[in-house]
Amino acid sequence: MACTDRLRLRLLQPEDAVALREVTGPGLVNAALTAAGERALTPWAVVLRDGGAVAGFCGFFVRPIKGTTMGYGIVPEYRGRGLATEAAGAVLDWADRHDIDVYSSVRPPNPASVRVLEKIGMRLVDSYYDEDGQRDIYRR
């Protein structure tokens, strides 16, 4: 799907559920595997090119009414290395090349996610409240 100097982003595989258990439930992997239509518009596995470990996920969640959002999660042992920024940048670049309008949303306070989004050129454009509280919307 996409590569960077340190990462390879690929479609999720069933065995990724074990590696990702600390950042998501098995439902994310199962949903991606059974997605109807274009599997490119699902979360992807973030794999270290050096060693092949699954370090997280990053990719798309298609919301029928709201559009396509980008989300990510990095396994705790790999956090603090800039992997989320690198993966999110690659995913957003892929979306731009394929003319896919993408946004991200963050529930405050989440300064780590805000830093990732700002580093890849996304900016706060809107906020709203739903049943779970405030959600901030970021776009490039």
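This is a predicted model: local features need pLDDT of at least 70, side-chain atom pairs count only at pLDDT 80 or more; totals for chains, interfaces and linings use all residues.
Let's start inside. The largest nonpolar core has 42 residues, and those touching the most other members are Leu-9, Cys-58, Met-70, Tyr-72 and Leu-117. Eight elements each supply at least two residues of this core: strands 2 (7-11), 3 (43-48), 4 (54-63), 5 (67-74) and 6 (102-106), together with helices 2 (26-33), 3 (83-97) and 4 (111-119). Helix 3 gives the largest share, nine residues.

Next comes Arg-135, which you will find in strand 8 (residues 133-139). Its side chain makes a polar contact of 2.7 Å with the side chain of Ser-105. Beyond its neighbours within four places in sequence, Arg-135 is also in contact with Val-106, Arg-107, Asp-126, Ser-127, Tyr-128 and Asp-130.

| Site | Backbone feature |
|---|---|
| Pro-108 to Pro-109 | cis peptide bond, omega near -10° |
| Asp-99 | positive phi of about 55° |

Pro-109 sits in the loop between strand 6 and helix 4. Asp-99 belongs to the loop between helix 3 and strand 6, and has its positive phi although it is not a glycine. Is Asp-99 buried or exposed? Asp-99 counts as exposed because its relative accessible area is 73%, where the cut-off for exposed is over 50%.

Notes:
Residues are numbered from 1 along each chain as its sequence is written. Side-chain values use heavy atoms; hydrogens and water are left out. A nonpolar core is a set of buried Ala, Val, Leu, Ile, Met, Phe, Trp, Tyr and Cys residues joined through side-chain atoms within 4.5 Å. Buried means under 20% relative accessible area, exposed over 50%, partly exposed in between (1.4 Å probe, protein chains only). Helices (H or I, at least four residues) and strands (E, at least two) are DSSP runs, numbered from the N terminus. A polar contact is a pair of N or O atoms within 3.5 Å; within protein, one must be able to donate a hydrogen and the other to accept it, and residues adjacent in sequence count only if both atoms are side-chain atoms. Contact means heavy atoms within 4.5 Å.
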